[in-house]
Amino acid sequence: MRLQGTGTGIPPWSMAVAAMMLIQVSNALSVSVIAAIGPAGTAWLRMCFGTLFLWAIARPALRSIRARDIPNLVALGAATGGMTTLFLAAIDRIPLGTAVAIEFLGPLTVAAIASTHRRALIWPVLALAGVVLLTEPWHGDIDLVGVGFALAAAVCWAFYNVFTQRVGDRFSGISGLSLTIPIGALLTMPFGLPQVVTGDFSWGVLGLVAGIALITPVVSFGLEMLALRRMTHSAFGTLLSIEPAFGVIMGLLLLSQSPTILQVIGIAVVIVAGIAAQRGGIRDRLPGVASDTVTAHVPAPNAEREPGRGPDSR
């Protein structure tokens with residue numbers, strides 16, 4: 001599968017930054033939808049629309065699925081659905097930037113554990129100190145439930161990273177994404193559908209969710225795929241470490257959530273820990289993939305097989 005734009009002069013880091021910004025824009029826009037149909041309802045509809053858009057772009061290679069692929073696909077779909085639902089539940093209670101920083105503890109811990117240096121385990125501890133500055137528990141007004149949702153989303157993100165690597169070794173790029181997003185939608189339906197039915201549902205809400213789903217996962221993760229085709233995983237992982245800052249920025253611009261000086265310092269600490277944890281903690285994929293890697297069926301007359309990262313759906 002060849003995606004247009006990989007040969008352009010656009011720097012890959014700029015596509016990665018644009019993707020991170022779009023992800024946080026979609027999260028900020030989801031807050032108003034959450035007020036109408038709840039976090040689970042919002043997450044479920046986002047994944048439903050994401051499935052429709054992805055399947056319109058690329059027909060999933062269902063016949064290529066082997067029995068040994070199913071556990072990894074289901075695990076990644078469950079991690080995706082849980083991560084999305086729990087994160088939206090978190091931002092319903094705590095500021096967006098704080099939720100992003102707490103959730104980032106998941107992949108940061110995975111990167112530290114995967115590092116060849118045991119001293120890398122200090123970075124999740126440092127990031128945790130940054131989170132303490134962010135939540136300011138000494139004020140006594142911390143929302144423990146919201147923090148709990150964000151921590152649970154962090155665990156899901158950790159598992160998501162692990163199974164993304166496994167699925168990414170088998171299904172290239174958008175093919176894996178088009179298989180796991182529907183699984184996430186199916187697994188979260190028991191939680192999301194009741195909130196949609198009993199919530200303040202309207203056609204306006206439906207249109208807004210469709211627009212958010214077009215931003216994430218379709219456009220934002222499409223940009224991530226293009227960026228990853230021209231960046232190592234280490235470079236991308238290091239760049240990903242600044243995502244908590246984008247959460248703060250979008251929370252300020254779109255939700256009027258102003259951080260304190262200590263919270264800004266906390267975000268900086270998390271970012272530094274994230275960058276440091278990437279050293280030796282991410283496996284880089286060389287050009288070319290395993291011989292049994294499967295690509296999606298994209299309606300293009302001259303489709304080619306091309307390496308890519310596995311599904312991504314935060």
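## A buried helix

L96, G97, T98, A99, V100, A101, I102 and E103 are the buried residues of helix α3. Buried means under 20% relative accessible area, exposed means over 50%, and partly exposed lies in between (1.4 Å probe, protein chains only). Of the 8 residues of α3, 8 are buried, so the rest of the structure largely encloses this helix.

This is a predicted model: local features need pLDDT of at least 70, side-chain atom pairs count only at pLDDT 80 or more, and totals for chains, interfaces and linings use all residues. Residues are numbered from 1 along each chain as its sequence is written, and side-chain values use heavy atoms, with hydrogens and water left out.

## The whole chain

The protein chain has 11 helices and 0 strands. Helices (H or I, at least four residues) and strands (E, at least two) are DSSP runs, numbered from the N terminus. Of the chain's 314 residues, 53% count as buried.

Now for contacts, meaning heavy atoms within 4.5 Å. Take those in the protein chain with a separation of 6 or more: residues 24 or more positions apart account for 89% of them.

## Helices α1 and α2

Helix α1 covers residues 12-57, and helix α2 covers residues 70-91. They pack at an angle of about 150°, and their axes are 9 Å apart. That makes α1 roughly antiparallel to α2. The cut-offs are under 35 degrees for roughly parallel, over 145 for roughly antiparallel and 65 to 115 for roughly perpendicular, with the rest oblique. Axes are lines fitted to C-alpha atoms, for helices over the stretch in contact, and angles run from 0 to 180 degrees between N-to-C directions.

Which residues meet? From α1 come N27, S30, V31, I34, P39, A40, T42, A43, R46 and M47. From α2 come G81, T84, T85, F87, L88, A89 and I91. The residues of this contact divide into 10 nonpolar, 6 polar and 1 charged. Here Ala, Val, Leu, Ile, Met, Phe, Trp, Tyr, Cys and Pro count as nonpolar, Asp, Glu, Lys and Arg as charged, and the others, Gly among them, as polar.

## An aromatic pair

Rings of Phe, Tyr and Trp (its six-membered ring) pair if their centres lie within 6.5 Å; planes under 30 degrees apart count as stacked, over 60 as edge-to-face and the rest as tilted. By this rule there are 2 aromatic pairs. In one of them, the rings of F104 and W157 have centres 6.1 Å apart and planes at 65°, so the pair is edge-to-face.

F104 lies in the loop between α3 (96-103) and α4 (105-114), and W157 lies in helix α6 (residues 144-168), so the pair ties together parts 53 residues apart in sequence. F104 is buried, at 2% relative accessibility. W157 is buried too, at 4%.
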